[in-house]
Amino acid sequence: MNIPITPNANSSNGPLSGIRVADFSVHAAGPFAGLMLAEMGAQVIKIESSARLDITRRTHTMYGKPPSSFEQINANKMSACLNLKEPQAIELALQLVSVSDLVLENFRPGVMDRLGIGYTSLINVKPDIILVSLSSNGQTGPESNYAGYAPMFAALGGLGHLTGYPDGPPVELRHGMDHTGGMLAAFASLAGLCAKVWSSLGQHVDVSIRDMGASFIGPALLDYAMNQRNRTRIGNRDDSSAPQGVYRCLGEDNWVAISVSSDDEWHSMVHAMGYPDWATNSQFGDGFKRWKNHDELDLLIEKWTSGIEASQVSDSLQDLGVAASVSLSPKQVFEDNHLVEREAFPMIFDKEKGQQKAVSPPWKFSKTVAAIDKWTPELGENNIEVFNGLLGLEIPEIEILEKHQVIW
Amino acid sequence: MTTQNSNNMTALQGIRILEISTMVAAPFTGKLLASLGADVVKIEHPRTGDPSRRRGPFPSDDPHKERSGTFLYLNTGKRSVCLNLDEPQGRTILNQLVGLSDVVIHDKQPNMANTLGLLPDNLFQVNPKLIISSVTPYGSTGPDSNKYAKDINIFHSAGEGNLLPNGLALEHFPERAPITAGSLMGSYQGGLTAAVGILGAIFAKINGQIAQTVDCSIQEAQLNIGYLPIQRIESEGFEETRFSRFFRVGGVMPTDDGYIELLTLEPRQWEGLGKYLGEPDWASPDKFSDPATYGAGINENVRSWTKIRNKNDIYHDGQALGVPFAPYYTPGEIFENVHQRSRGFFKKLRHPEAGDYEYANLPFNLPETPTILKRAPLLGEHTKEILSNLGYSKSEVIMLYRSGTI
């Protein structure tokens, strides 16, 4: 008798309900793609092994702490163990692929082939499989085999160079780069699934996070193509708004972000500041002058903001139609009224810790619900469901494979 | 081998999308969907067009509404229709287009959406089979949903802004304001995230779920991507700040010709680094494995080592030894980059007004249903063609033109 697979709470009515994903990815970028698909209701089976634990299950070399804070990255997924160094495990991996719609991986290019689960092996068992390979530098090109982590994609792709103070070094962009890469891989996965509907074709989809970084600076690349101009970082400023900046407010480390693009908005801001003499000065009279005298303007604005609470600055400007907002710390984000009202932090039950808050999916569908409703599974938590329920192995057979460190 | 796709099929062939949006976030959504073969019709204001037409960069720094790099890049593959939505006749034509569309994407906050007749109730009356997606700073509900916001405001409302800069830039300028990611990155993240949601809804529609709304908050897109500090508060009680967030070993290193990033997370990587550095005492594996004690010293030594070297030399030599180094590239260095060029990342597009330039291509490749990169439209380039398809006669088109509706 086979043990039936328990679906996610939302899997019956998510946009991807009925889709099965074999997720071989590790670390952050690939698993985030799997998370996005799982939040949309796909059944995502994370293939992992004690032979080489995912970094999020180990003590992190940088953070030196338990993996609890990484819980969200593999939420909504199932965990099945396969030691991919064992030929029998590769056979089981291929069996799993043969009943899946999509395979996700973010090894370095060539590793899947070497393991015996490269694209050509996958299409032998499932001709219309969609394989989504996410990597730092893409599957082809002289640097395809280079190692990369989040800040390195941003460095190679130009976002790093364009972020920072004009007179300082570039700024490293962190996990956000991994996860944005994962979001792109989710996009490519969905594109593959839609394509299969019309074409009946599977394919090997190549997603490069470095290319993604470059695709986020398209206009700067065109500036080089058009004018051979190398743009550089401009702090908090913007090409079409002046003044724009993040200004110090009353207290220890409190800041407000303000952006003014039109004369109307500037007049509103002058009104909010109580018509100080300097503000009605002709050197700030129009957008061009404000842009030219931006340094001086920033000092004068900060003189005003630094004596007032950030939220008060923001509210007084918002009331008059000026784009202003408090620079929220993570804790302030967590407690933000608007986000709480939009249910951005749903409560999920955890066996060990009880109720714990997560960050909700980034879309609100009116019909096909996206949800995060189950924390990251224990290593191998779903072995029986997957190997018995899905692939039909008998329980004693599974026990032997566990003993031989195949299902491990 | 797989069968060849002889019909030039695309992932979203036959999907008709109406885009009512400006600047970066939602136009990026439309661009991504157009690259998959959807027919994306962009509504622009007859006089001004998308404000990104005024933003540049312009060839030879000569401003012109058809030559703005921001518009040209973010609107590849779309058709442009001029329509004044402030006028009743403009909204009538809009509704006719809505009737023919599968998806409507707009970036209007709720009050403005109401004024323009873009709320779901109105649109579903016109076309009950629609997917309606709003891509707005704070989403379509909640107390902040109508707040004035630009890229910088959203970025600092979502948590990541307050955590930048970190590492070397913060060491140099600890007193300065937190910073915003360059190149309007947060808006691109919002646009990409919305595109994922819309594809989800399109896939569900293919499978029988006909109509629905997809509410995309750019703030929540960024929050989702940057969820980790929230998780650290929840499960560890630890509050990340830009002062606590730095790599004990690695980070931004100055070079003779710029900067390079170093990050070693695995023992084999720092062993490789030690070898590359000539195995000095300060870079022994036992020191790397105790970054709390030795990290600052290692970084100081590595920085003086990289400072007199060239970033590309360090990159290639280091990577050959398995050490994750990556240079901070300028736009020009990316544009000339051999690796990306060998992957066909730059594609020349001809444009009758802007001239011919190489554009950044799509960052993914679907070999069986290839992505499409076609030039951006002229302002209202497709107005006549689309009105004619709607049944308007030539003389009616002239009247609509005279009245400023189109």
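Let me start with strand S8 of chain B, which pairs with strand S9, residues 325-327 of chain B, through three bridges in the antiparallel sense. One of the contacts in that pairing is B:Glu261, whose bridge partner in S9(B) is B:Ala326. This is a predicted model, so please hear everything that follows as a description of a prediction.

On its other pairing, S8(B) goes with strand S7, residues 251-255 of chain B, over five bridges, and that pairing is antiparallel as well. B:Gly251 stands opposite B:Leu262 in S8(B). S7(B) and S8(B) make a hairpin, with two residues between them. Is S8(B) mostly covered or mostly open? Mostly covered: it spans residues 258-262, and four of its five residues are buried.

Now for where that sits in the chain. The domain assignment divides chain B into domain 1, made of 16-226 + 342-402, and domain 2, which is 251-334. Taken over C-alpha atoms, the centres of domain 1 and domain 2 of chain B are 40 Å apart.

Next, a sheet that uses both chains. How many strands form this open sheet, and in what order? Seven, in the order S12(A)-S6(B)-S5(B)-S4(B)-S1(B)-S2(B)-S3(B), with mixed pairing. Its edge strands are S12 of chain A and strand S3 (78-82) of chain B, each of which pairs on one side only. On average, and ignoring direction, neighbouring strands of this sheet are turned by 20° against each other. Helix H8, residues 185-206 of chain B, packs on the sheet and touches S12 of chain A along with S4, S5 and S6 of chain B. The direction of H8(B) makes about 170° with that of S5(B).

Within chain B, strand S4 (residues 103-106) and strand S5 (residues 131-136) run parallel and are joined by four bridges. There, B:His106 stands opposite B:Ser134 in S5(B). A:Phe365 stands opposite B:Val214 in S6(B).

In total, 128 residues of chain A are in contact with 132 residues of chain B. Which element gives the most to the chain A side? Helix H6 of chain A, residues 175-199, with 18 residues. By class, the side of chain A that touches chain B has 64 nonpolar, 46 polar and 18 charged residues.

One more helix, in chain A. Helix H1 of chain A, residues 29-39, is largely enclosed by the rest of the structure, because eleven of its eleven residues are buried. Among them are A:Phe32, A:Met36 and A:Glu39. After H1(A) comes A:Gly41, which has a positive phi, near 100°.

Last, confidence. The predictor gives the complex an ipTM of 0.97 and a pTM of 0.97. Chain B has an average pLDDT of 95, and 98% of the residues score at least 70. Where in chain B does pLDDT stay under 50? Over residues 1-6, for which the model has ten contacts beyond four places in sequence. Where pLDDT is low, the predicted coordinates should not be read in detail.

Key
Residues numbered from 1 in each chain as written. Chains lettered and ligands numbered in written order. Predicted model: local features only at pLDDT ≥ 70, side-chain atom pairs only at ≥ 80, totals over all residues. Contact = placed C-beta atoms within 7 Å. Nonpolar A, V, L, I, M, F, W, Y, C, P; charged D, E, K, R; others polar. Pairing = 2+ DSSP bridges. Domains from an automatic or database assignment. pLDDT = per-residue confidence, 0-100. Buried ≥ 20, exposed ≤ 12 C-beta atoms within 10 Å, placed from the backbone. Axes fitted to C-alpha atoms, helices over the stretch in contact; angles between N-to-C directions.
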